[in-house]
Amino acid sequence: MASTTAIADTLVACQDCAGTIAPITSGDPTFDVRRAYDVLAAINARRVAAGWVSIGRKIGFTNRTIWERYGVYQPMWAPVWSHTVHFAEHSSATLPLAGFVRPRIEPEVVFKLRTAPPSSDDPMALIEAIEWVAAGFEIVQSVFPDWRFAAADCTAASGLHAALLVGTPLPVTADNRAEIVSRLPSFELTLARDGAGVDRGTGSNVLDSPLNALAHLIRLLAGQPNFAPLAAGEIVTTGTITDAWPIRRDETWQSHYGSLGVEGLRLRFA
């Protein structure tokens, strides 16, 4: 049984050097999600000591349509950092792939918090805490070969987070809150690579609505005293609406958010 410190050291080395390791659970069947969050806390402490600045959270595995494919049946979270989050100018950007480990792309709904959100399942109470909504492309990576892992493995490995591209924000106002709430479960997202359609999904894939993903994170953090609750100003990306797709250099990916009313993204990989 490896120590929390040893596992954190190994995962940081793999993330920083694009290395791989066998899933932690394959060598230690007792390694569970609770211990994985201890590892995540140790990794976060190392990152902060190195000057990294957390600016929000990512929520992973909120899309129940892909649970069986990956063998992971519960959501998880991890921080996103000032140097892993990029804001697309005019919803278009180029991102180098160097340093990522078997990267994949996930189209997501991103929130910025106006205030600390309440612990509530009421979508109107939650939307009132949100400053804006935007399109997002999260780039995820797996230090575990062939994208084979258990929930504890990917929780410990920073929720598989590598980077996040955020599109043009749609401000949330008193006039459009109810409309956004109604459209978040039902809008259809389309994903294309080099102009050809690849996948599609609806907002309901994400725990029936991206707002439910936010509510889930709030409840999860309430039971984790070693981590800070969500605060005003944080960015929260709520999980992929489609499957996660492998990406390669010189590809250009585009998303369209249909009736949600946010501008989709165009991302080229270099």
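User: Which residues does Lys-58 contact, leaving aside its neighbours within four places in sequence?

Analyst: Happy to start there, with the note that this is a predicted model, in which local features need pLDDT of at least 70, side-chain atom pairs count only at pLDDT 80 or more, and totals for chains, interfaces and linings use all residues. Residues are numbered from 1 along each chain as its sequence is written, and side-chain values use heavy atoms, with hydrogens and water left out. Contact here means heavy atoms within 4.5 Å. With sequence neighbours within four places left aside, the partners of Lys-58 are Met-76, Trp-77, Ala-78, Val-80, Glu-138, Val-140, Ser-158, Gly-159, His-161 and Thr-237.

User: Is Lys-58 buried or exposed, and in which strand is Lys-58 found?

Analyst: Strands (E, at least two residues) and helices (H or I, at least four) are DSSP runs, numbered from the N terminus. Buried means under 20% relative accessible area, exposed over 50%, and partly exposed in between, with a 1.4 Å probe and protein chains only. Lys-58 has a relative accessible area of 1%, so it is buried. Its strand is β1, residues 54-60.

User: Which side chain makes a polar contact with the side chain of Lys-58?

Analyst: A polar contact is a pair of N or O atoms within 3.5 Å; within protein, one must be able to donate a hydrogen and the other to accept it, and residues adjacent in sequence count only if both atoms are side-chain atoms. The side chain of Lys-58 has a polar atom 2.7 Å from the backbone oxygen of Gly-159. The side-chain partner, at 2.9 Å, is Glu-138.

User: Where does Glu-108 lie, and why does Glu-108 count as buried?

Analyst: Glu-108 lies in strand β5, which covers residues 104-113. Glu-108 counts as buried because its relative accessibility is 0%.

User: Which backbone nitrogen lies 3.0 Å from a polar atom of the Glu-108 side chain?

Analyst: The contacts of Glu-108, not counting residues up to four places away in sequence, include Glu-138, Thr-237, Gly-239, Thr-240 and Tyr-257. The backbone nitrogen of Thr-240 is 3.5 Å from a polar atom of the Glu-108 side chain. At 3.0 Å, the nitrogen you are asking about belongs to Gly-239.

User: Which backbone oxygen lies 2.8 Å from a polar atom of the Ser-142 side chain?

Analyst: Ser-142 sits in the loop between β6 (130-140) and α6 (151-156). With 0% relative accessibility, this serine counts as buried. Beyond four places in sequence, its contacts are Val-101, Arg-102, Trp-147, Phe-149 and Leu-160. The oxygen at 2.8 Å is that of Phe-144.

User: What is the phi of Leu-160?

Analyst: Leu-160 is in the loop between α6 and β7 (161-166). Its relative accessibility of 4% means that it counts as buried. Most residues other than glycine have a negative phi. Leu-160 has a positive value, near 70°.

User: And what is the phi of Leu-207?

Analyst: Leu-207 is placed in the loop between β10 (196-202) and α8 (210-222). Leu-207 is buried, with a relative accessible area of 14%. Its phi is positive in a residue other than glycine, near 50°.

User: How many Å apart in space are Val-101 and Gln-15, C-alpha to C-alpha?

Analyst: Val-101 belongs to the loop between β4 (92-95) and β5, and at 4% relative accessibility Val-101 counts as buried. Among the residues Val-101 touches, not counting those up to four places away in sequence, are Cys-14, Ala-18 and Ser-142. Val-101 and Gln-15 are 86 residues apart in sequence, while their C-alpha separation is 7.6 Å.

User: Which residues does Ser-255 touch, not counting those up to four places away in sequence?

Analyst: Ser-255 is in strand β13, residues 252-256. Its relative accessible area is 8%, so Ser-255 is buried. The residues touched are Phe-137, Thr-190, Gly-264 and Leu-265.

User: To finish with the whole chain, what share of its residues count as buried?

Analyst: The chain has 8 helices and 14 strands. Among contacts between residues at least 6 apart in sequence, 77% join residues at least 24 apart. Of its 270 residues, the share that count as buried is 54%.
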